[in-house]
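Hi,

Here is the structure I promised to pass on. Have a look at it first, and then read my notes below.

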Amino acid sequence: MAAVMEDAAENLLAVEKVDLRYGQSQILWGMNLAVRRGSCTCLMGRNGVGKTTLLRAVMGLAPTFGGSIRFHGQDLVRQPAHQRARIGIGYVPQGREIFPQLTVLENLQVGLGIREHGLSEIPERIYELFPILKQFLHRRGGDLSGGQQQQLAIGRALVLEPELLILDEPNEGIQPNIVREIGDIIIRLNREVGLTVLLVEQKLPFARRLGTDFVIMEKGRWVATGTMSELTDEVVKAHLAV
Ligand SMILES: Nc1ncnc2c1ncn2[C@@H]1O[C@H](COP(=O)(O)OP(=O)(O)OP(=O)(O)O)[C@@H](O)[C@H]1O
């Protein structure tokens with residue numbers, strides 16, 4: 001019992017035995033995932049194993065059946081998506097999903113719009129982290145480069161000052177020289193700002209550089225987990241190599 005309670009305190013997010021179907025196809029099968037407070041956890045697995053689906057389930061964007069999803073020990077399953085953002089989970093979806101017609105400022109304000117007590121200021125920290133956003137505040141989102149759009153998507157996910165930041169393949173479609181920059185930003189958020197990070201990442205060197213922990217899934221199931229130093233070549237060969 002003591003061990004269970006310790007685990008609950010240590011894990012900011014805990015997904016246990018979650019099942020999920022899209023129509024007739026079952027995508028997640030008794031899926032487990034634990035995200036240690038303060039960690040940068042990389043969720044890994046081959047294409048189509050259900051990584052994005054799992055993140056969407058955590059955000060309340062895809063309904064689950066069975067199992068539990070706990071944040072701070074509190075079950076999220078009955079909480080609508082907007083509520084999950086409000087209690088401290090920031091989400092950067094695959095493909096970024098910024099609004100191309102809105103300005104940078106308006107995109108950031110979209111992130112604030114769900115705050116319970118009306119609009120407040122964009123925290124200054126966002127501009128410290130991403131000076132380019134301040135410089136381009138009145139430029140349209142669609143006119144930014146891929147890397148700048150990714151900074152905007154991360155900035156938008158941070159305006160409510162979450163404790164947990166979830167990112168779905170933040171490097172997809174970004175030039176290699178910018179990938180390093182995005183990596184530096186995520187490391188800084190995790191190690192300096194103290195955010196817990198859960199990240200879907202396909203590229204091993206990037207995951208090894210950023211991650212403190214890993215979780216691997218296969219065909220909708222949890223198959224391996226550990227600290228990044230335990231992600232040996234054998235584990236990679238067994239579960240990640242194509
Ligand atoms: N809205 C949907 N309706 C039906 N099936 C879906 C839907 N979204 C995803 N799927 C299916 O669910 C499975 C898991 O997809 P998902 O995108 O979660 O995998 P992934 O591990 O994130 O893949 P990738 O690495 O390619 O992004 C796939 O077989 C996919 O075709």
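This is a predicted model: local features need pLDDT of at least 70, side-chain atom pairs count only at pLDDT 80 or more; totals for chains, interfaces and linings use all residues.

Residues are numbered from 1 along each chain as its sequence is written. Helices (H or I, at least four residues) and strands (E, at least two) are DSSP runs, numbered from the N terminus.

The sheet: four strands form an open sheet in the order β2-β1-β4-β5, with antiparallel pairing; two strands pair if DSSP finds at least two bridges between them. At its edges are β2 (25–36) and β5 (74–75), each of which pairs on one side only. Eight bridges join β1 and β2 in the antiparallel sense, and Y22 has S25 in β2 as its bridge partner. Across β1, β2 and β4 (68–71) lies helix α2 (residues 51–59), running at about 70° to β2. That angle can take values from 0 to 180 degrees between N-to-C directions, with axes as lines fitted to C-alpha atoms, for helices over the stretch in contact. Contact here is between residues whose C-beta atoms, placed from the backbone, lie within 7 Å.

The ligand: which residues surround it? They are Y22, I27, G45, N47, G48, V49, G50, K51, T52 and T53, where a residue is near if its C-beta atom, placed from the backbone, lies within 6 Å. Helix α2 gives the most to this shell, with three residues. By type, the shell has three nonpolar, six polar and one charged; Ala, Val, Leu, Ile, Met, Phe, Trp, Tyr, Cys and Pro count as nonpolar, Asp, Glu, Lys and Arg as charged, and the others, Gly among them, as polar.

The helix residue: G155 sits in α7 (residues 146–158). It is buried, because 27 other C-beta atoms lie within 10 Å (buried means 20 or more, exposed 12 or fewer, partly exposed in between, with C-beta atoms placed from the backbone). Beyond its neighbours within four places in sequence, G155 contacts L108, I126, F130 and L133.

The backbone angles: most residues other than glycine have a negative phi. K17, in strand β1 (residues 11–22), has a positive phi near 50°. R96, in the loop between β6 (89–92) and α4 (104–112), also has a positive phi, near 75°. K17 is partly exposed, with 14 other C-beta atoms within 10 Å, whereas R96 is buried, with 21.

Happy browsing!

Notes. Two residues are in contact if their C-beta atoms, placed from the backbone, lie within 7 Å.
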